[in-house]
Amino acid sequence: MNTFLQLVVNGLGKGAVFALLALGFVIIFKATEVVNFAHGSLVLFGGYLVVVTREALGWVGASLVGIVSAGLLALLLERFLLSRSRHADANSLALLTIGVDVIITEEIVRRLGVTLPFLGDAWDAKPFQLGGITLFRTHLVALLVAAVLITAFTLAFKYSNWGVAMRAQAENREAAALMGIRSSRVTATAWVVAGVLAGVAVLFIATQDFSGAGLSRGTHSIALAAFPAAILGGLDSTAGAVVGGLVVGLVEALSAQYVSFDFSKSAVFLVMLVVLVVRPSGLFGTRESTRV
């Protein structure tokens with residue numbers, strides 16, 4: 001029983017990070033109807049800025065630089081690439097993000113070379129015992145940070161002018177424009193928020209507790225594991241992104257322990273496929289994810 005409880009707690013910690021990343025996918029999709037496959041490169045970019053500025057600024061300062069930089073890079077991608085291709089269809093823009101992702105990822109991996117730096121200085125590799133259960137600080141801090149950020153986003157999404165505008169645009173873009181809502185501002189803000197969430201997530205991904213490896217190409221692969229979480233919950237549902245992320249974290253943790261580590265990576269996609277067969281729009285979505 002202790003092993004199971006430990007897996008659940010640590011799985012929820014991992015799931016919280018996946019939830020942040022999945023929320024980034026969903027925010028951009030709701031604002032633009034584009035699936036951003038460059039999300040993994042935003043994670044890597046934020047982490048790389050932490051690495052190169054950590055010695056000069058300290059961990060806290062470097063982390064802030066990484067988070068802000070990931071948000072700014074997301075804004076640049078939206079302003080200088082996607083906004084200039086606004087007449088292209090959503091599938092073409094999704095392919096464009098794949099190209100951008102490859103360019104950014106390969107350059108960062110080249111710059112990192114053989115170094116695999118860990119980023120979670122404040123909490124990594126500091127497990128502790130609680131009632132006979134071994135818990136990892138990284139997972140617990142991830143749960144806390146994710147809870148704060150998701151709560152803040154939910155409140156902003158429901159009550160702020162930006163949140164109201166984004167919901168109106170997601171419902172009917174033409175009608176929202178006629179009501180005076182500036183689509184470009186809503187879209188730009190959505191990309192910035194997604195980038196910031198990616199910058200936060202990498203501080204937990206590139207740790208010994210979470211992945212067992214430092215910042216590398218593997219970090220990018222782990223970040224893209226949040227895509228099934230977004231699909232599972234529903235690409236147009238913010239609540240679904242959170243639930244999907246937690247489900248992915250739990251499925252990975254439990255299947256790695258009770259089946260095998262290699263199978264745990266496939267198990268996430270199997271769960272996603274089962275959900276899509278039963279409900280094509282995802283658990284909480286209203287549009288069929290298979291059309292994207």
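Modeller: What follows begins with the salt bridges and then moves to other helices and to the record.

This is a predicted model, in which local features need pLDDT of at least 70 and side-chain atom pairs count only at pLDDT 80 or more, while totals for chains, interfaces and linings use all residues. Residues are numbered from 1 along each chain as its sequence is written, and side-chain values use heavy atoms, with hydrogens and water left out.

A salt bridge here is a side-chain nitrogen of Lys or Arg within 4 Å of a carboxyl oxygen of Asp or Glu. By this rule there are five salt bridges. Glu107, Arg110 and Arg111 are linked in a network of such bridges. Within it, Glu107 meets Arg110 with N and O 2.6 Å apart, and Glu107 also pairs with Arg111, where the closest N and O atoms are 2.8 Å apart. Helices are DSSP runs of H or I, at least four residues long, and strands are runs of E, at least two long, numbered from the N terminus. Because Arg110 and Glu107 are three residues apart in helix H3 (residues 90–112), about one helical turn separates them. Glu107 and Arg111, four residues apart in helix H3, are likewise about one turn of the helix from each other.

As for accessibility, a residue is buried under 20% relative accessible area, exposed over 50% and partly exposed in between (1.4 Å probe, protein chains only). Arg110 has 55% relative accessibility and so counts as exposed, whereas Glu107, at 32%, counts as partly exposed.

Another of the bridges joins Glu78 to Arg79, with 2.5 Å between the closest N and O atoms. Glu78 counts as buried because its relative accessibility is 4%; Arg79, at 30%, is partly exposed.

Ser63 lies in helix H2 (residues 39–82). It has 5% relative accessibility and therefore counts as buried. Contact means heavy atoms within 4.5 Å; leaving aside neighbours within four places in sequence, Ser63 is in contact with Val50 and Leu203.

Gly249, in helix H10 (residues 238–258), is buried, with a relative accessible area of 0%. Not counting residues up to four places away in sequence, Gly249 touches Gly11, Lys14, Gly15 and Phe18. From Gly249 to Glu171 there are 78 residues in sequence and 30 Å in space, C-alpha to C-alpha.

Two further helices pack against each other: H1 (residues 2–32) and H5 (residues 161–171) have axes 7 Å apart at an angle of about 60°. H1 is therefore oblique to H5. H1 contributes Ile27, Lys30 and Ala31 to this contact, and H5 contributes Met166, Gln169 and Ala170.

Finally, the UniProt record (an unreviewed entry) places the feature "transmembrane region" at several stretches, including residues 12–29 and 222–247. UniProt positions follow the numbering used here, feature names are shortened, and annotations may be inferred rather than shown by experiment. In the model, residues 12–29 are 100% helix and 0% strand, with end C-alpha atoms 25 Å apart. Residues 222–247 are 81% helix and 0% strand, and their end C-alpha atoms lie 15 Å apart.

Terms used
Axes fitted to C-alpha atoms, helices over the stretch in contact; angles between N-to-C directions. Parallel < 35°, antiparallel > 145°, perpendicular 65-115°, else oblique.
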